[in-house]
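Please open the model in the viewer and show its side chains.

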Amino acid sequence: RYSKALDAIRKLQNEQRGDIKALEVEVELFSGHKEQARKLRLDKDGAEEQKKELLESARKLKQKMDELSGKISKCDEAKKQYDKTAEQKRKLEVELGMMEGQKLQLADKITEKFEDSLDDLEIYSNKVM
């Protein structure tokens, strides 16, 4: 009887050792899963922080683009005004050239008319001017 009890105790001990080893393997596996979950949580938190930073950067870039678009519009308006003024200047220069030509023609006519008399020319020029 005693040896049967010892055999039963040994058998129970062996079973419990097996159960303990299985539980230790399970605990080790769960510890690995726990560590992996912790790392994933850290990765997720880092990714969320990076996402916030990227969204903020995108918002700032959009704001800067809007500012630049406004400046570009102002520059376009200034260029249109410059082009308009340049065209007016060109027209005035053409008109000035024509008037200078007319002035020279008139001076030639006056010189022809009063070629013989410089005194008469002085008198005429004083009347005209």
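Select D83 to begin: this residue is partly exposed, with a relative accessible area of 37%. The model is predicted: local features need pLDDT of at least 70, side-chain atom pairs count only at pLDDT 80 or more, and totals for chains, interfaces and linings use all residues. Residues are numbered from 1 along each chain as its sequence is written, and side-chain values use heavy atoms, with hydrogens and water left out.

D83 and K79 form a salt bridge (a side-chain nitrogen of Lys or Arg within 4 Å of a carboxyl oxygen of Asp or Glu), and their closest N and O atoms are 2.9 Å apart. Because the two residues are 4 residues apart in helix α1, about one helical turn separates D83 from K79. Helices (H or I, at least four residues) are DSSP runs, numbered from the N terminus.

Next, select K62 and D66. Their side chains meet in a salt bridge, at 3.3 Å from N to O. Both residues belong to helix α1, 4 residues apart, about one turn of the helix. D66 counts as partly exposed, at 44% relative accessibility.

Finally, move to E35 and R38, whose side chains meet in a salt bridge of 2.5 Å, N to O. Both lie in helix α1, which covers residues 2-113, and they are 3 residues apart, about one turn. E35 is partly exposed at 31% relative accessibility, and R38 is partly exposed at 38%.

How many salt bridges does the structure hold? There are 9 salt bridges.

How values were computed
Buried < 20%, exposed > 50% of the residue type's maximum accessible area, 1.4 Å probe, protein only.
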